[in-house]
Structure formats: C-alpha cells, structure tokens
Amino acid sequence: MVSLTIDNIPVSVAEGTTIMEAAASVGIPIPHLCFLKKINEIAACRVCVVEVEGKERLITSCNNVVENGMVVYTNSPKVRLDRRRTVQLILSQHDCKCATCVRSGNCSLQTLANDLNIQDTLFGERLEQQPWDQNFPLIRNSQKCIKCMRCIQICDKVQSLNIWDFEGTGARSTVNVSGSRKIADADCSLCGQCITHCPVGALRERDDTEKLWAAIADPSKTVVVQVAPAVRAAWGEPLGLSSEEATVGKIFDALKKMGVDYVFDTTFSADLTIMEEANEFLARFTSGELKDRPMFTSCCPGWIRFIKSQFPELVPQLSTAKSPMQMFGATMKTYFAQQIGKKPEDIFSVAVMPCVAKKGEENMELFYEEYAGHDTDCVITTRELDRMIRSSHIIPQTLKDVEPDRLFHDGSGAGVIFGATGGVMEAALRTAYFALMGENCPPDAFKVVRATSQETDLTEAEFELKGVKLHIAVVNGLGNTRKLLEAIERGEKKYDFVEVMACPGGCVGGGGQPIHDGYEMAFERGKNLYFLDSNAKLRYSHENPDIKALYDNFYEKPNSHKAHQLLHTDHNAWEMPKSPRRDRNGYVLPASYK
Amino acid sequence: MSRLEILTPSKAQLVVEDLYKNLERRIVASPPGLCPVDITRAFIEMCHSQTCGKCVPCRVGLLQLKHLLTDVLNGNATMETLDLIEDTAKSIMETADCAIGYEAAHMVYRSIKNCRQDYEEHVENGRCTCMTTQPVPCVAMCPAHVDVPGYIALVREGRYADAIRLIRKDNPFPTTCGFICEHPCEARCRRNMVDDAINIRGLKRVAADMAGKVPAPACGPSTGKKIAVVGGGPSGLSAAYYLQLMGHQVTVYEMLPKLGGMLRYGIPNYRLPKDRLDEDIEAVLETGIEVKYGVKIGLDIKLDELRQQYDAVLITVGASTDKKLGLEGEDAEGVIPAVYFLRNVGMGDQADLSGQNVAIIGGGNVAMDAVRTAVRLGAKKVSCVYRRRTADMTALPAEVEGAMAEGVEMLTLKAPARIEVENGKLKGIWVTPQMISAIKDGRASVIATGDPDEFIPCDTLIVAIGQNIETKHYEESGIPVSRGKIVTLPNGGFKEIPGVFAGGDCASGPATVIKAVAAAKVMAANIDEYLGYRHEITCDVEIPDPNIDDHPACGRIELKEREACERMHDFEGIENCMNRKEACQEAGRCLRCDHFGFGIFKGGREKLW
C-alpha cells in the first residue's frame, strides 16, 4: 500500500494506483477530458493536472502513479489557474456553437467549461477547416475536434483498423483519415466506436432524421418502421427512462405519434434470419463444406465491411443470409406491399438501429420483378430516434405500450437477444437443435455463449448433437475478430460456426447507441435483453406463428428459391475499399510512401 | 554626451543573446521528419524578423514568401502559387542588397526546388503526408533502433545486466558500442533543448563495465535450417546471433584467425581493448554458432558450394582491402596501407617505428587510428597529411584532439603529389599546398595555392584514404556489383538469387559498427522470412516507470581519458568509465521521450522485431 495525502486528506491505496484513481477513492473527482481508461492514457489535454509538493511543474493525474509520502493538491491556486487556462486554449480551437451541436448537453468539454465557470474564452477562435464528404454515414467536423486522440486509439487498439491517425507535423499536426486517404476510400467498418468515444461533437453519424420527416410528410409514401432489438435496451437512457420503463412498445407509440404508418419489431425478422441461417448452416455443415473453415454469421454490417476489406479470401465463408434489417425491408417491399395493395416504390422502409454501419448497408440494392431500389430507404440510429422524440416535444413518460402492426406482429426471445454478443449464435442453436433432433432444447440450453462480463471478447464452445460434435465461437470487437481470424487462417483454431459482432458487447454497444463518456453500457444493456428473452412467451424462432404464416403464404420454406431471391445476398455484389498497405505495427502507410 | 562611450549591453539584449543560444540548441534537437513546408515557413518568418528594412526584396519579399507559404499550408494555394514562390525566391536571391535577404530567399528556393512533392501534396490534397513515426529522437537516430531511454532508465536504477539484455535485443555488441560507437543517437537528443545531449554512449559503457558477465538468451526451438555467414565481423556475427536465437544453425566462415573483423583488426586496442571485445563475441558464440577459421570464400570454397550446402547464405565480408592513392612509388618499401598496418598490429605483428618519421595520409577515423598507433609504436615524429583543414576531417573531433594531445602534427591543406623513392626505398612525399575554397555540396573544396610543392621526409608512409571491398569472387558468382560494392535489394537479398543475402560494409561501403548491426537485423529478419518463419526477437526486461521530477538544467558528464603523456606509450584503453554517482546523475537527465510527449501515444517502444 502507498500512503499519501490528496487535498490534505490522507489516502492509502495499492501500489500502481494513479493519482486520479486515488483521488476518486476519497471522493475527489479530478476534472479530465482526453483520458479513457486503458485506451487513452496519454496526458494530451492536461486538464487533469495536479500540484505535487516539491515539484515546480504540474503533473497529470491520469497516468502518473502515487508515491509514498506524496502531497497532492488537485485544486490549488496554481492548478486552478493552469487548468482554466488549458481549457480556454482548447476552447479557442473548438467551434463553440453549442446551440446547434448534436452533443450539446452530452459534451465533456461543455460540461468541463461550465463546471469551471468559464465565461470568457480569452483567446481568439482559430478553427481548422478540413473538407469532409457529408454523404458518408460517418461525419467528422474538424472545427470541433479537440485532438484528444481517442478516435485514433479506439480504432487502433480495439477495432484494429487504424482508420484515424495523426497527420502532418509540428504546428499543423491534426487528426485525419490515415494514409492521406479520404474516408470513402478507407476500409472503415463504420462501427461508429470512434463516435461513441468522442468526448465532443467532432464525430457523429450522418443525420437522416429530416429524410424521415420528409417521407412522413409525403402523402404518397407509406412509412413503415422497424425497430432493432438493441434499441429498446438503450433508447430511454438519455430521456430519463429506467430500463423497465423504456419498452419497445413506447418506441412504437412515439413513432405513431410522429406520423409513421406501420411499426414493426426487427425481432420478427431476426426470427426469419434464424430460419434461413440455421438451415443454411445445417446444409453447409452436413455437406462437408465447413470442413476446413467455419461459416460466419452475416447480420452485422460492420463485420461484413471488415471481412470484405481485411480478409477477402474468407468472404465465401459468410452466411448468404441478409441481415434481419434487410430481410424485413425486402419483405415489406414485396409481400407486405402486396398485402396492403401498394407498389414497392410507395413503401418507405425505415429502420431504427443501434448502428452506423447500417447506414452503409442501406445502399445495397434490391431487384425484384419490376422493382429496382433498396430494402431499406432510411436508417436512423438510436440517438436520432431520441432526437426525433425530443423534437416532437413528446414527454417520454406519457408514452404507452403499443403493439407492433399485424402480419409481422410476433417476435421471439431468440430474436430479441440478437442485440447482444452471442445472441445470434444462441438463437440459431435453439432452432438448429430443433431441426436436428425434432424436439426443442430447453430454452437456455446454450447460455454458455453469453458474455459473462464487459470483458468477454471470445467465447468458444463445443456441443454434441446426435453424435455430431459442433465447434462454435462467438467474438465481438474487430481487434478480437482479427486475432481469431488470423488464428483460423494459421490453422490454430477450428470451428464450424462463428458469430462475429463488430462492436464490443454486440449491437447493445453499437456505434449508434446513446453516449455515456467514460462508461461502457453494453453489458448492462445486454442483460436487459436476456431478461426480456427469459420472460418472452416465444423462445424459439421456429415457433413464431407469424414466421410460419409468412413461409406458408409467401416464402414457402427456408432457403427456397424465393427466399434466396429476397432474403439472401451476394456479398460480392458491391465493392469495399481494400485494406491498405500497413507498417508492421499496423499503421496505414500513405500511398506515396516508398 | 561624451565623444565615445563604452557600451554595455542592456538586460534585454543579454536575454536575446541567450534566446539565440536556446534556438540553436533547439534546432539541433529538431525532431526528425518535420514537414518541409511548415519548417520553411517558420524559418522565413524568423529570417524576416532579421531584416534591416532598407531594401525592398528583403523587407517586402520575405513577408510575401511567408504569406504564400502560409497559403500553401492552409490549402489556399494552386500550382501557380508554387511557381510564384519559386520565382519570387529567385528574384529576391538576385536582387536583395545583403545576405539577410538573399540567403533567406535561397532557403525557400532550395526547399521548394527539392521538396516540391510535399508542396504539391498540400496544394492538391490540402494535407501533409509527413507524420511522426518514431517520436523518440535517440531511437530514431540509432540505425539499429536500440531502446535508448529503456536502458538509460535501467542504468539509473543500477540494473546494469538488464540494460545489457535490453540492448542486445537490437545490438549484440553493447560493450563494443560502449567504447567506440559514433553515437548518432546523441545528435538530436531532446535534452539539447534544456542544456546538452545525454551522454548515451557513456551510459552504455557504464552498463557494459558494471554488468559483469551477462549470458546470452536461450535459443528458440531448432528449425533444422542451416545458414552460412561469410565474414565474422560485427555484421556477420550480429546476424548469426539473431538467426541462432530464432532457432537456425549458423556457420560463420572467417578468413582470419579470430572473429571480430574490423573491430579486432582495424580498431586499435587503446580504443577498444580486445578483452572487452571478446566479452561481446563470447556472448554471441554462446548461442551455438559454429565457426570455421582460415577459410576464404572463392579460394578455399566457392559461393555456389555454400549455396548447395546451406539453406541460406549471408555475405558480410566487409571492406577489408586498401584504396590506392594512384601515385607512382606506392608499392615502394615503407609505404603501407592503413588497413594492413592496423591489421598487423591487431594480429600482434607490430612494426617497430622507433626513431622514424611517419606520415599518414588521410583525415578519417582510420587515419587517426593509424597516427595514434604509430605514436605508440615509438615513432619519433608522426604527421597527419590532409588536403583540407582540421575542421573538415571526417574523423570524430575527439579522435583528432586525442591525436594532437599525443603529439601528432596536423599537416593540413596539403595534397599528395608524388612519392619520393630512392633505390626502391621510401624517402618522403611531395605535397602540393592547397587553399580552402568554394563550398560544394555542403563541403569546402580545395584548390592549389600555386605555391611550389613541399617535401615531407618520412621513413614510413601510411595511406588511410579509404577501403575497398573484395568483390571479385562474388561478381564471378553472379552477385551484382557496382562501384566496388555489392548491390542488394532493400531487404538485403537479390532479385535473381534466392537464398543469398549480403550487407554491412561490403554493401554499404565502409561505415560504423552500429550500421553493421542495423544491417544485420534487416538480414536476419529477412532470412528468417525467406526460410518461411516469422520469429520474433524480444526482451522481457521491465522498463522502470519514468519519474515525475522536474528537469532543471544540468551539465553533461563526459568520460575522462588517461593523461596523454602516459597513454601514448602503451596500447591500453585510454578512456575511463563514469562511477555510479556520475552515471546516476547523467541517466537522471534523460527526458524519457518514450513516455513524455508523443512517445506514450505512439511508437514510444518497439518491444519486438
């Protein structure tokens, strides 16, 4: 143990504790900005400086550890003045038009400046102008970037893609897309983790809410909205609703109040995905096609972008099943349009997703009979949904539970857990078990694939069904995925079926979810989904009566010709920028680099 | 008002003088890889502040150049802007009234002429391709990328053996380099911004002196692959060491009776005591390298035979033959090339020069080794004959000073004209007096003064004007050779000859130990790849956390030397090590760029290669 005093309070903490942690242990929250535990401990912003008796210079508390006998002041006159001046310097390079900022009210810099009672920015504003493709799903505003480096670090250390880097030298050093690339030419997975870890409004999703409002206002359009499983676990957080209060039914109520015509739960099409994917897996597995390499799930668009750019040779191992979002979109534009007597082009298909990559997936084309368009016409993230609710001046507490509309009303608990890492695998195994054994397994028979903590990054399991051994793996986070794929490629790992989710913790930790600076909510949200599953009337995708009806009335049976036309995809139908040349540390080399 | 006054500088002037010194030191410590456009803009701004304001090109032109460069950096420029910058710079060069203007413009002109690509990148894409890739200056400047802050921190804590282990991850010659490394690592040391560079080589010497015997790390599991290394100098031995650690079996072919190459047969004992060199070589050999002595490739065995017998062959034969003056009489008795002169001494075959006048031609480190060796062999008078000035000598300044302290005469600005031989025996050398003249490619050239040639009588003439590489056999075996050097791909291999690699002095020309080691790392890694492996060289030594001490300015501790009058009579080592107290203070000056600044963000530590 190390003993010291912080602001005259005696503190005793374990060796290796940082000054910031030691202060927090006695109720002193030292202000900080760039710090992100284990990800960004680089002391760049200098906001967390403290005075240590006997030292002339202030030192950062985020990455310096306590020493015996240290006398620390976190709020001495020197610290107060210097910290204030530092924040004023940061503000001089930050576009402080908070009124029109998507992060206003949830901005660490705004909070910090307010807390320090800074009313005068002191220095002239000097903002950096960098051009940006405003049509890309991921938007960066250089005028708001405070160069905390978190985006670089999260992309390097967690997602292993090094999309962001520091470029230029000296006075002109700045953050930009690595290797002097434009974002649209980069192998960005669009996972959006850089957005959810940005302390300010420098990174955000492309806002598509106006596009949705315009469709609602268009009398010729029938607006159908689906809501993804993970959205229900998070949408209430910024609106002051508890997880018990924030039901999916209230989202439907809000959407109806905004004027959409039909509301559905993506849980339904998650069940549809299971029917297709589980049967595809069994077919590929029994045909011996998976002898050398496993089949990979295909519902996460960040993962699809990743595998296409980083491991193109593994693309044939992907399930051909579309994601639940796209399956739902295709069904709405065809069967549903028929049923309500509309043309596909009059259906405006909307998806509320916890995800930024879905905004990229939306570009995938759909051709069916006369129709040439898209499965999904507009994707909004959970954050955009919340903004729409606020802009509609709906008081969240007044929302009531509303049922999803007919034809696709039912969804199983198996579909709900799609939103958490391991959920797709577990749902698929429930149905695969039934297909193989002719009877249901206990609903929680495969719960071993669930994450046991926020740190669960890879789960491996082995099951025996009818004497056949099944090796599966569940991985989340793209850095972990890269390691796993490399191990598979080296022949060190052998599986039959692998679920991959690009975001740590799965969709609940998605890049489109509400942001809580410094806290990762994925695991807590995932627990919520498992709770909903355990209380669901339906636990098996194959028992969903609306799914059965859909097959009876339209798709005939899983993997039928029509199902292949509408519910499966050719992963090679579109181009993804390939992984660029990188140095041996994984950093992207500029194209001009010799 | 008096007619004349003694002026005393004001406080402000004194401070500005001091700031100039700070700026000089700061420029010395410039981080490598800065954007040329940004730096040029900064320079021109400073130059403009020096203008007297009288003439238009300087007063206005430099300002406009600054604005134009700023436009380029801000993305507000076109290709025409670049032409305008170039033309304006040229115009100022041609019209400014004094050097303040035309030299400043010349900087801009050279920058835009030679770094045009960087300028165009800013114009076309509004961004800069320069980036910080190795933020720790000493590591970046060290050809072998030795973890300098790491071992300095270990020396500070008295963990000398760990320091040696850490150094060996990148350089298996820590003791040797502690004595004779040219320490490029110190050139850009960030501590220069405070006071002076850290004495990095000195601290390595401390580690080597105080660590005791440090065993080599264990080798990896055997791969069954066999590799022949031709030449047992620092490059060959370093490559062999790493290849052994990776699990391959290396056989070194050495033509001389002992290993070490130029370290043993080129560098005199007083600079690198051979028992200390043996410490490094013993550790290298501990990895299980086989050595075949007295075998000369091309004579005793052919390269093709080695290719058949081994999975890979590495050529590291160094630059071990002499370069000729090209003067008549060069083969007379009494004329000897420095490489052979030093090799003979290294082999214990010392010539007795007592009572002789000895002249050495050359101004490099080998020339200094030769003059100081001649002093130790009892010569009556030793002269160093050099075309240029002492300041132009390529030898380390400390070597030149050491030689002068030991009584060597520097006969500068004298170009060898002809060798005077009588009855096949050397009588002396005629030299043509030179004057220093125009600076060409950054180096002062010389021309004849027109005065008559002078005669320097001598009994022994040692020629130290460079070394050549014995390339004949390799050329015959199909190895590409150009300008007397083996030409390899950047990975050390050859396009048409799989499995053969070359590096060190024989590919680079005569260079330094640390460059030889750096080449060896490249070759070892690529031979490993060639053989189908991806072994990693690591070190598990934990580096101490940096402390949070302030860094008040503090002088640099230099290593002391034995008295000149005493050391000139023997071949014992001349340099004394620091003691623990000195080492601790010197190591404590390190600013730990691996942690502070960019280092903690990216590139602060390469844990493996």
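Predicted model: local features only at pLDDT ≥ 70, side-chain atom pairs only at ≥ 80, totals over all residues.
**A walk through chains A and B**

Just after helix H17 of chain B, B:Gly378 takes a positive phi of about 95°.

H17 of chain B runs over residues 365-376, and its 12 residues should span 16 Å at 1.5 Å a residue; the end C-alpha atoms are 16 Å apart, which agrees. This helix is mostly covered, with 12 of its 12 residues buried. Among them are B:Asn365, B:Asp369, B:Arg372 and B:Arg376, along with B:Val366, B:Met368 and B:Val371. What covers these residues? The cover includes helices H16 (338-346) and H18 (397-405), together with strands S7 (357-361), S8 (381-385) and S14 (460-463) of chain B.

Now zoom out to the whole of chain B. The chain is divided into domain 1 (34-125), domain 2 (137-169 + 183-213 + 540-600), domain 3 (226-320 + 469-530) and domain 4 (323-466). The C-alpha centres of domains 3 and 4 of chain B lie 30 Å apart, and their contact takes eight residues from domain 3 and 11 residues from domain 4. On the domain 3 side, the residues touching domain 4 comprise five nonpolar, two polar and one charged.

Two packed helices are described by the angle between their axes and the distance between the axes. For H2 (residues 36-49) and H5 (residues 99-114) of chain B, the axes come within 10 Å and cross at roughly 170°. Since angles over 145 degrees count as roughly antiparallel, H2(B) and H5(B) are therefore roughly antiparallel to each other. From H2(B), the residues B:Pro36, B:Thr40, B:Phe43, B:Ile44 and B:Cys47 meet B:Ala104, B:Met107, B:Val108 and B:Ser111 of H5(B). By class, that contact has seven nonpolar, two polar and no charged residues.

Let us cross over to chain A. Here 22 residues of chain A are in contact with 18 residues of chain B, and the chain A side of that contact divides into 10 nonpolar, seven polar and five charged residues.

Chain A is assigned domain 1 (2-92), domain 2 (128-205) and domain 3 (209-567). The centres of domains 1 and 2 of chain A, taken over C-alpha atoms, are separated by 28 Å. Nine residues of domain 1 of chain A are in contact with 11 residues of domain 2 of chain A, and the domain 1 side has eight nonpolar residues, one polar and no charged.

Chain A has its own helix H17, at residues 522-534. Its 13 residues should span 18 Å at 1.5 Å a residue, and its end C-alpha atoms are 18 Å apart, which agrees. Buried residues in H17(A) include A:Phe523, A:Arg525, A:Leu529, A:Tyr530 and A:Asp533. The buried residues of this helix pack against H7 (229-232), H14 (413-416) and H15 (423-437) of chain A.

We finish with backbone angles. Most residues other than glycine have a negative phi. A:Met149, though not a glycine, has a positive phi of about 75°; A:Met149 lies in the loop between strand S6 (138-140) and helix H4 (150-158) of chain A. A:Lys466, also not a glycine, has a positive phi of about 55°, and lies in the loop between strands S17 (458-465) and S18 (468-476) of chain A. Which is buried and which exposed? With 23 C-beta neighbours inside 10 Å, A:Met149 counts as buried, whereas A:Lys466 is exposed, with 8 other C-beta atoms within 10 Å.

Methods
Residues numbered from 1 in each chain as written. Chains lettered and ligands numbered in written order. Contact = placed C-beta atoms within 7 Å. Nonpolar A, V, L, I, M, F, W, Y, C, P; charged D, E, K, R; others polar. Domains from an automatic or database assignment. Axes fitted to C-alpha atoms, helices over the stretch in contact; angles between N-to-C directions. Helix = DSSP H or I, 4+ residues; strand = E, 2+ residues; numbered from the N terminus. Parallel < 35°, antiparallel > 145°, perpendicular 65-115°, else oblique. Expected span 1.5 Å × (residues − 1). Buried ≥ 20, exposed ≤ 12 C-beta atoms within 10 Å, placed from the backbone.
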